[in-house]
Amino acid sequence: IYKQAFGNDRVFRVVMNISASPKEAGSVFYKSGGTIIFEKGHSLAQLLHQSFLTVKVDSRISENIDWEIWNKAVWNASFNTVTALSRLTTSPILQDPDGLKLIRSLGKEVCKLAASYSIHLPEELIEQKIDFTLNKLGDITSSTREDVLQEKPIEYEAVIGDLIDIARERKIEVPYLETVFTLLKLLDKSFKNN
C-alpha cells in the first residue's frame, strides 16, 4: 500500500530492536537495545544506516529483512502478550516454570508460521531470546504491558493480529497464539466499556 502511494524508492522496511516505552506525551523512556536493521537495496536505507553509524547508533543492512521481521515476531508475540496479560515484567514470568513454558510455546508457533513462508527459525532461537532477555535485557516491561497497566487501547492487532490472520488463512493450528490474541482483545474491550 505504502509503496503504491509513495513509490518504491521512498519506502523500505526497517526492524527496530529497542526496549522503550512512552513516558509522557512527546517523550519515550529508553531501557535497552538499539539495533536498527534496514532492508537491503534502497539508497535511502543505506544513507540512514551510515548516518546512524556516524552518531554511534547500532545499525546494519540485512540481506534478508523477511527473516529479521519473523525473528522479531518471536519475541513480540511471546513476551509482549504474556507481560501484558500477566501484568508482570519479564523476570518473574521466566522464573515461573509455567510462564517459561508459555513463552516457549508461543515462540514455537511463530516459528511454525514462519516456516510456512520458507523462513527457517530454529527452535534454538527461542532459547537464545529467553537467555538474552534474562541475562542482557534484565527485568523489563513491554509496550503492550504498559498499555494494559494504564488501561489504554491495547495494540494487540499490531503485536499478534497479522500472525493470527496468517494462521487462519493457511489453516495452521496455533492454539497458544489464538488464546492470547482472544484474551488481549477481550481485555481491550473491557477498557472501552469502563
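## Salt bridges, aromatic pairs and helices of the model

At 9% relative accessibility, D147 counts as buried, where buried means under 20% relative accessible area, exposed over 50% and partly exposed in between (1.4 Å probe, protein chains only). The structure is a predicted model, in which local features need pLDDT of at least 70 and side-chain atom pairs count only at pLDDT 80 or more, whereas totals for chains, interfaces and linings use all residues. Residues are numbered from 1 along each chain as its sequence is written, and side-chain values use heavy atoms, with hydrogens and water left out.

The side chain of D147 meets that of K152 in a salt bridge with an N to O distance of 4.0 Å; the term denotes a side-chain nitrogen of Lys or Arg within 4 Å of a carboxyl oxygen of Asp or Glu. In contrast to buried D147, K152 is partly exposed, with a relative accessible area of 31%. Elsewhere, salt bridges that share partners join R13, E39 and D66 into one network. Helices (H or I, at least four residues) and strands (E, at least two) are DSSP runs, numbered from the N terminus. Both partners count as partly exposed, D66 at 34% relative accessibility and R13 at 32%. A further salt bridge joins the side chains of R60 and E68, at 3.0 Å from N to O. R60 is partly exposed at 36% relative accessibility, whereas E68 is buried, with a relative accessible area of 7%. The count of salt bridges in the model comes to nine.

Aromatic pairs number four; rings of Phe, Tyr and Trp (its six-membered ring) pair if their centres lie within 6.5 Å, and planes under 30 degrees apart count as stacked, over 60 as edge-to-face and the rest as tilted. The pair of F38 and F52 is stacked, because the ring centres are 6.0 Å apart and the planes meet at 20°. Distant parts of the chain are linked by this pair: F38 is in strand β2 (residues 27-39) and F52 is in helix α2 (residues 43-54), 14 residues apart. F38 is buried at 2% relative accessible area, whereas F52 is partly exposed at 27%. Y156 and F181 form an edge-to-face pair, with 5.5 Å from centre to centre and 65° between the planes. This second pair also links distant parts of the chain, with Y156 in helix α8 and F181 in helix α9, 25 residues apart. Both residues are buried, Y156 with a relative accessible area of 12% and F181 with 6% relative accessibility.

Helix α9 (residues 175-193) contains 19 residues, so at 1.5 Å a residue it should span 27 Å; the end C-alpha atoms are 27 Å apart, which agrees. The expected span is 1.5 Å times one less than the number of residues. Besides F181, the buried residues of α9 are L177, V180, L184, L187, D188 and F191. An α-helix has 3.6 residues a turn, so residues three or four places apart point the same way. The buried residues of α9 pack against α3 (65-86), α5 (97-115), α7 (143-149) and α8 (156-170).

Helix α6 (residues 124-137) has 14 residues and reaches 18 Å from its first C-alpha to its last, close to the 20 Å expected. Its buried residues are L125, I126, K129, I130, T133 and L137. Just after α6, G138 takes a positive phi of about 80°. The backbone oxygen of G138 lies 3.1 Å from a polar atom of the side chain of T90. T90 is placed in helix α4 (residues 90-95) and is buried, with a relative accessible area of 1%. Not counting residues up to four places away in sequence, T90 touches W75, F79, T83, T133, G138, D139 and I140, a contact being heavy atoms within 4.5 Å. T133, one of the residues that T90 touches, is also among the buried residues of α6.

Terms used. A polar contact is a pair of N or O atoms within 3.5 Å; within protein, one must be able to donate a hydrogen and the other to accept it, and residues adjacent in sequence count only if both atoms are side-chain atoms.
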